[in-house]
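User: Please take a close look at one part of this model, and start with whatever touches what. I'd like one connected walk-through with the cut-offs spelled out as you go.

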Amino acid sequence: MTGGDDAPVTLLPSSVVRSDAGAHAVAADTDLLVYDAGLSRLLEDASATDADTARGALLAEFTARAAVGDLADPLLVTVDRANGRSQAALRGAIDAATGLPGWTATDLDGLLAAPAAAVDVDSVPADQDRVAVIDGFRAAQGGLQRISGVLDDPTLLTSSERATELQLLGNAWLDDREGWDAAIQAQRERIATWTDGVALVLGGPITLAGTSAPLVFTVRNDLPWPARVDLLASPGDARLVIESTTEVEIGAQQTSRVAIPVSALVGSGESSVDLQLRTPSGVDIGRSETVEVSVRAEWESVALVILTVLVSALLVLGVIRTVRRRKRMPVAP
C-alpha cells in the first residue's frame, strides 16, 4: 500500500512487532502500519458469523477489549477478506470498528501523520507454496496485459483478475488449505482461458483458383466483451501480393470471418501466407501462423474458356430451335 505521497507503507500485524508502539511505526527506515492482531481477529470472526447472537458476543468482546487501550495512541484494526460472508455481518463489524466509544475514526493520512515509533520486527518464514503462487500470478501478468489490449477498456479484465488474486492471497484461506488449492487451480485455468481468449481458427491448405481472389480466415473471441484486433498477413515469397493489415471487430464470445485480398503473380505454384494477430497498439497476440497456399491461376482461364463454350453452345442451340420452329409454322395461302 502507499501513503498520501505515494511512498510505500508496509502493513503488519502486532503479533510480529516486538514493541508496544501504536499504529504508526518504523523499522530499518521502512514505514509501517501495525494493526492490532487480536482485535482484528475478533472483527474478522464477527464479519463471517451469520448468527446474530454469536456475532453480537464477538463484537461486544471487541468493544470491551478496545476500551481498555490507551486513547492517546492511534489504534488500527482490519477486517480481512473472506468467502461467503453476508453484507449485514460485514457492515456490523465495520460499524463496531468505526463507532468505538471514546475513539474518533480517521483516515490513512491521519494514521501516517502520527509520530512513528522505532520497532523491531520478528522474522517470519515465508510459506513457499504461497510464494510459488505469487510468482505464478506475476508470470501470468504479461499474457493478461497483452490480451486485455483487444478491449476498449483493458481494466475490465486486468482489474477483475487482480482483485481475484488478492482475494486468494488473503489470510482467510489459511484455515482451508484444500479449498485454497482448488481455488488456485481454478484461477490458473481461468487465466489460461483469458490468455488464449482471442485467436485464429485455421483449417487446412488453401487453393487460390485465379489471379486475384480473397483468402478468408476466421478469428474467434471467447472473451465476454467485444474485441478489436489487427490481422497481419505477409506472403511467404514474391508469388503473392497481399494487403498487409486488416482490422477485425469481433462480438463477445463470437467468431468473425476476415477476407484478405490476394493477387497471384504466377500461373501456378506453391506458396504460403504468414498470419499474426495484434492489438490496435501493435502488441502480438499468440504465435505467428503459416498457411500453405496452392496458386492455380490457370484455372481461371480454363473456367473462362469453358464458360464461353457453354454460352456459345446455348446460343447456337437457341438459334437452331428458333429456325426449326419457324419452318414448322403453316404458310398463309
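Analyst: Contact here means heavy atoms within 4.5 Å. By that rule, and leaving aside neighbours within four places in sequence, Val 26 is in contact with Leu 32, Ala 116, Ala 117, Ala 118 and Val 119. One word on where this comes from: it's a predicted model, so local features need pLDDT of at least 70 and side-chain atom pairs count only at pLDDT 80 or more, while totals for chains, interfaces and linings use all residues. Residues are numbered from 1 along each chain as its sequence is written, and side-chain values use heavy atoms, with hydrogens and water left out.

Back to Val 26, which sits in strand β2 (residues 24-27); strands are DSSP runs of E, at least two residues, and helices are runs of H or I, at least four, numbered from the N terminus. Ala 118, one of the contacts of Val 26, is 92 residues away in sequence, yet the two C-alphas lie 5.0 Å apart. Val 26 is partly exposed, at 25% relative accessible area (buried is under 20%, exposed over 50%, partly exposed in between, with a 1.4 Å probe and protein chains only).

Now for the helices. α2 (52-67) has 16 residues and spans 22 Å from first C-alpha to last, close to the expected 22 Å (the expected span is 1.5 Å times one less than the number of residues). Its buried residues are Arg 55, Leu 58, Leu 59, Phe 62 and Ala 66. Those cover an arc of only 95 degrees around the axis, so they end up on the same side of α2; the arc is that of the directions from the helix axis to the C-beta atoms. In general, an α-helix has 3.6 residues a turn, so residues three or four places apart point the same way. On the other side of α2, Thr 53 and Ala 67 are exposed.

What do the buried residues of α2 pack against? They pack against α1 and α3. α3 (residues 87-98) has 12 residues and reaches 16 Å end to end by C-alphas, close to the 16 Å expected. Ala 89, Gly 92, Ala 93 and Ala 96 are buried in α3, and these too cover an arc of only 95 degrees, which puts them on the same side of the helix. Their cover includes α1 (37-47) and α2.

α1 also holds Glu 44. Is Glu 44 buried or exposed? It's buried, at 14% relative accessible area. Setting aside sequence neighbours within four places, Glu 44 touches Asp 80, Arg 85 and Ala 172.

Five strands make an open, mixed sheet in the order β6-β13-β12-β8-β10 (strands pair if DSSP finds at least two bridges between them). β6 (206-208) and β10 (245-250) are the edges, each pairing on one side only. Neighbouring strands are turned by 30 degrees on average, direction ignored (axes are lines fitted to C-alpha atoms, for helices over the stretch in contact; angles run from 0 to 180 degrees between N-to-C directions). β8 (227-235) runs antiparallel to β12 (268-278), joined by 6 bridges, with Leu 232 opposite Gln 276 in β12. β8 and β10 are antiparallel too, also over 6 bridges, and Val 229 has Val 248 as its bridge partner in β10. Val 248 belongs to the covered face of β10, along with Thr 246 and Ile 250, whereas Thr 245, Glu 247 and Glu 249 form the uncovered one.

Another open sheet is antiparallel: four strands ordered β5-β7-β11-β9, with β5 (198-201) and β9 (240-242) at the edges and an average twist of 40 degrees from one strand to the next. β9 joins β11 (254-264) through 3 antiparallel bridges, and Val 241 stands opposite Ser 263 in β11.

Last, the aromatics: a whole-structure search turns up 1 pair. Trp 194 and Trp 225 are tilted, 5.9 Å centre to centre with 40 degrees between planes (rings of Phe, Tyr and Trp, using its six-membered ring, pair with centres within 6.5 Å; under 30 degrees is stacked, over 60 edge-to-face, the rest tilted). Trp 194 is buried, at 11% relative accessibility.
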